[in-house]
Amino acid sequence: MSPARFATLALLFGVLLPIHAAAQDAPVDDTERAFQLNEQGFAAFEEGRYPDAAKLFAEAFTITGDPALRKNEALAWFRAGDCDQAVAAGNKFLRIDGVTATDHADMHAVIANCKVDFSRRAIDAGDLDLAESMLTEAEALNADAVSRDRIAAARVDLAAARREAEVVKPPPEPEIRTVYVPEPTERKIPVLGISLMGGGGALVAGTIVYHVIALGWQSRFFRLEEGSERGDEATFESLRNRVHLARVLVPTLYTIGAATAGAGVFFTFFMPLDQASVARGDGPSIGIAGQF
């Protein structure tokens, strides 16, 4: 049987491919088996049994490795409407060494047409990004005029689908903003501030009592000094010492008491609890200066 019987199907492109040397080098029995499978594949193709034809061409290819058989397999799958198988077989065909430029272009046309079918399927499913990707891959192939026309038509349908998707796209839902309301916290009693206020107030009150008493000492001291009241020398010296001490203590005690009470007011009403610290001395100093 002549090796020239291995030829590609005149399905889309009307191209016949002569058998390669690989088929001629195969054993006689294997070559005869490959020819029989090839003939059965042609017969199945003519009868419209495209999947059967593709499988017969694929089996024959495993025997001889002839590129024409792999191309026939891809064309049969394409006619069967199984683009997944057609693209897989087509890519395998393109990786075979020695494929002519014409066969290369023919297979690109098959793959491009399948990519267009993939894109239309994606458009129907609403996956417009996938459709765009498929058409971009199809445009990158060296396809024929018929394939380019199909790509252009799919582009038009994709653009229409995008416009329709924009029209029916629901408006974005308004953002619901919530106002943060902090949970009420129990205010702890500022023990430090209350203590300082109490201590300072008590010191000021005590100083007032001491001041009143000291004024009595001072009045009697002045009377003894002027001679309007009689008294002994010891009483005079004792009153003088008390008056001199009171002149120092009274303003000092007033200042310390006022400063302590002022610090207590600050810690109680103005200083956050976590910052109030006796060690830092954050409270202000309030003093009263006077002359006795």
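Residues are numbered from 1 along each chain as its sequence is written, and side-chain values use heavy atoms, with hydrogens and water left out. As the model is predicted, local features need pLDDT of at least 70 and side-chain atom pairs count only at pLDDT 80 or more, whereas totals for chains, interfaces and linings use all residues.

The protein contains 10 helices and 0 strands, where helices (H or I, at least four residues) and strands (E, at least two) are DSSP runs numbered from the N terminus. The order of elements from the N terminus is accordingly written α-α-α-α-α-α-α-α-α-α. Of the 292 residues, 35% count as buried; buried denotes under 20% relative accessible area, exposed over 50%, and partly exposed the range in between (1.4 Å probe, protein chains only). The protein exposes about 17400 Å², of which carbon and sulfur atoms supply 57%. Accessible areas come from the Shrake-Rupley method with a 1.4 Å probe, and for residues only the protein chains shown count as cover. Among contacts (heavy atoms within 4.5 Å) with a separation of 6 or more, 63% are between residues 24 or more positions apart.

Helix H4 (residues 67-79) has 13 residues and spans 19 Å from its first C-alpha to its last, close to the 18 Å expected at 1.5 Å a residue. The expected span is 1.5 Å times one less than the number of residues in the helix. Because 12 of its 13 residues are buried, H4 is largely enclosed by the rest of the structure.

Helix H6 (residues 101-125) has 25 residues and reaches 36 Å from its first C-alpha to its last, close to the expected 36 Å. Glycine 126, with a positive phi near 85°, follows H6. Histidine 108 is located in H6 and counts as buried at 12% relative accessibility. Leaving aside residues up to four places away in sequence, histidine 108 touches Leu94, Leu141 and Asn142. The C-alpha atoms of histidine 108 and alanine 138 are 8.6 Å apart, although the two residues are separated by 30 residues along the chain.

The count of disulfides, each a pair of cysteine sulfur atoms within 2.5 Å, comes to 1. This disulfide is formed by cysteine 83 and cysteine 114, with their sulfur atoms 2.4 Å apart. The pair links distant parts of the chain, as cysteine 83 lies in helix H5 (residues 83-94) and cysteine 114 in helix H6, 31 residues apart. The torsion about the S-S bond is about -80°, so the disulfide is left-handed. Cysteine 83 is buried, with a relative accessible area of 5%, and cysteine 114 is likewise buried, with a value of 0%.

Serine 147 is placed in helix H8 (residues 145-168) and is buried at 1% relative accessibility. Apart from residues up to four places away in sequence, serine 147 touches Ala109, Ala112 and Asn113.

At the surface, Phenylalanine 269 in helix H10 (residues 233-269) is exposed, with a relative accessible area of 58%.
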